[in-house]
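Hi,

Here is the model I said I would pass on.

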Amino acid sequence: MRWGIGLALLFAAPLLQAAELKDLRVWDGPDSTRVVFDISAASRPTVFTLANPDRVVVDLSGLDAASIKRASRALPKGFVKQIRSGPRDDGIRVVLDVTGSVDAKSFELAPNEEYGHRVVVDLVRNSAASPGDSETAAPVPAPAAVPPAASTSGGTRLQDKPIVVAIDAGHGGEDPGARGASGLQEKDVSLSIARKLALLINTQPNMRAVLTRDGDYYVGLRQRVEIARKHQADMFVSVHCNAFTKREMQGTAVYVLSDRGVTNEQARWLANKENAADLVGGVELHGKDNDLAAVLIDLSQSATMEASFDIGSRILRSMGQVNNLQKSDVQQAAFVVLKAPDIPSVLVETAFITNPHEEKLLASEDYQGKLAASIFTGVKGYFQTYRPKQQLVEVSPRFTKVATKAAQD
Ligand SMILES: [Zn+2]
C-alpha cells in the first residue's frame, strides 16, 4: 500500500504546474493606493518596506518567473511611481517605488465571480513620516492654545450649517458590484448617478452634497458611514443597481435597515450580495466591528428609522415616475451602509442591471439624470417638511438634533 501511494505521488508531481501571475492592477483612492496581484493559485506574499529611496517589496513564492512580464504592464498610480520586477528564489519579486514613506498591508482574497485568487497590498501614507515629508508634519499647537470650550464648536457651527446629504456610490475599484450582460458595471453606473445627484443638491442654497467616493476605488462599508458622520450628514443615500439570476426581474426598489434579521428571502440574498463587497476591504474589518454593528443596530430602532422610512417612501414615489417599481413599499434589509444610528439612511436599487432593457437605460447619461432627479425630488421633499432647526443659537454640550415641522422655505 505504501508503495502504491508513493507511486501515485510520483506521477502526480509533474502535473503540478507553477502558479502564474496573471495581472497586476493599481487602484488609486484619496487616502490610499491599492495594488492587486491576480494569480492562478493561492500564494502567501511577503511584504516589506525599504527607505532611501522609499519602496515596497512584494515577494510571491511559487510563481512562474516567466509570468513576470505582466507586472511590467501595470500603470503606476497614486503612491506608486514605478513598478519593477524580477525572478526571486522560487518565485517573483515586485518592487513598488513609492512617492514617500508608506505603510503597506497585505491580505489574500479567494476567487469570486469576477476575479480569481488575489493578493492585495494597500499602501497608506505613513503618519509617523519624517518632518518635511508631508503635510502631516504641520506643527501641533501647544495644548494651552486650544480653548477649553472646543467641544462646543459644533453648536456655533449649527447656526448656518447647511443641510448635508451624504451620497454613497455603491462598490468601486476592486469591487465592480453587479454586471450586465453587455458588460456594464454597477460601480460605474452608481458613481455616475451619485455625481448627478450631488450636482442637483449643490444647486440648492442651503444644501451640500458629500460623496463617499468620487472615483474608481473601493471604500469600506463602515468607512462610508464614517465619512457621512464626519461631515455631520443629515441624510445618507446609497445608490446601487439591482441584480438577479432571472433576467426578467426589473424595477426600482428602496431599502431601509431591517431591525431584526431579514424578513424575506430576496432581501436576504440582496443583503448578502451588497455586504459581500466588504470582503475586499480586508480581513481586519471582521471581529471587533461586529460588536459595534450590534450596538448600532439596536440604536437605529428609533426616530432615525421613522425618518428613513419617510425619506424612502418619498424617493420611491418620485422614482415611480421614471421607472416601474419592483416593490411599491419601502423594503427592509440588513445593509451595513445603512447602520448609522443617527443619520436617516436609505439604499436605492435604481434598476436591474441584469435585465437587458434596464441595463440599456442604466447605461444612458440621460436616464441616469432622470434617476438622479427623481431621487433628488424625494430628498428635497423630505427636508421641505422636516428640516433641521437652523436657528439654534444656544451652545449646549447636550446638543441633540431637533427636527421640527417647519414651514417650507
Ligand atoms: Zn450594489
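Predicted model: local features only at pLDDT ≥ 70, side-chain atom pairs only at ≥ 80, totals over all residues.

Residues are numbered from 1 along each chain as its sequence is written, and side-chain values use heavy atoms, with hydrogens and water left out. Helices (H or I, at least four residues) and strands (E, at least two) are DSSP runs, numbered from the N terminus.

**Nonpolar cores**

A nonpolar core here is a set of buried Ala, Val, Leu, Ile, Met, Phe, Trp, Tyr and Cys residues joined through side-chain atoms within 4.5 Å. Buried means under 20% relative accessible area, exposed means over 50%, and partly exposed is in between (1.4 Å probe, protein chains only).

The largest nonpolar core has 67 residues, and the members that touch the most others are Val 165, Ile 167, Val 237, Ile 315, Phe 335, Ile 375 and Val 379. Helix H10 (residues 365-385) gives the most to this core, eight residues. Apart from that core lies another one of 25 residues, including Ala 19, Val 58, Ile 83 and Ile 92.

Leaving out residues up to four places away in sequence, Ile 315 touches Val 254, Val 346, Val 348, Ile 375, Gly 378 and Val 379, where contact means heavy atoms within 4.5 Å.

Ala 373 is also in helix H10, but it counts as partly exposed because its relative accessibility is 32%. Its C-alpha atom is separated by 9.6 Å from that of Ile 201, 172 residues apart along the chain.

**Salt bridges**

Side chains of opposite charge can pair when their charged atoms come close. With a salt bridge taken as a side-chain nitrogen of Lys or Arg within 4 Å of a carboxyl oxygen of Asp or Glu, the whole structure has 14 of them.

- Arg 34 with Asp 122: the closest N and O atoms are 2.8 Å apart. This pair links distant parts of the chain, strand E2 (residues 32-39) for Arg 34 and strand E8 (residues 117-125) for Asp 122, 88 residues apart. Both Arg 34 and Asp 122 are buried.
- Glu 174 with Arg 118: the closest N and O atoms are 3.2 Å apart. Glu 174 counts as buried because its relative accessible area is 1%, and Arg 118 because its value is 2%.
- Asp 168 with Arg 224: the closest N and O atoms are 2.9 Å apart. Asp 168 is in strand E9 and Arg 224 in helix H5, 56 residues apart. Asp 168 is buried, with a relative accessible area of 1%, and Arg 224 is buried with 1%.

Arg 118 and Glu 174 also belong to a salt-bridge network with Arg 25 and Asp 38.

**Cavities**

A cavity is a set of points on a 1 Å grid over the protein atoms alone where a 1.4 Å probe fits but cannot get out, and lining residues have an atom within 4 Å of a point. Grid points are joined across faces, edges and corners, and a volume is the space filled by probe spheres set on the points.

How many cavities of 30 Å³ or more are there? The count is two, and the largest cavity holds about 70 Å³. Its lining has 15 residues, with Asp 168, Leu 221, His 240, Glu 274 and Val 337 nearest the centre. Helix H5 (221-230), strand E11 (235-242) and helix H6 (265-275) each supply at least two lining residues. By class, the lining has six nonpolar, five polar and four charged residues (Ala, Val, Leu, Ile, Met, Phe, Trp, Tyr, Cys and Pro count as nonpolar, Asp, Glu, Lys and Arg as charged, and the others, Gly among them, as polar).

A cis peptide bond joins Asn 52 and Pro 53, with omega about -5°. Pro 53 is in the loop between strand E3 (45-50) and strand E4 (55-61).

His 171, not a glycine, has a positive phi of about 65°. It sits in the loop between strand E9 (163-169) and helix H4 (186-202), and counts as buried because its relative accessibility is 4%. Gln 232 has a positive phi too, near 50°. Gln 232 lies in the loop between H5 and E11 and, at 32% relative accessibility, counts as partly exposed.

Cheers

Technical notes. 1 Å grid on protein atoms, 1.4 Å probe; cavity = no way out; pocket = protein on both sides within 12 Å on 5 of 7 lines; lining within 4 Å.
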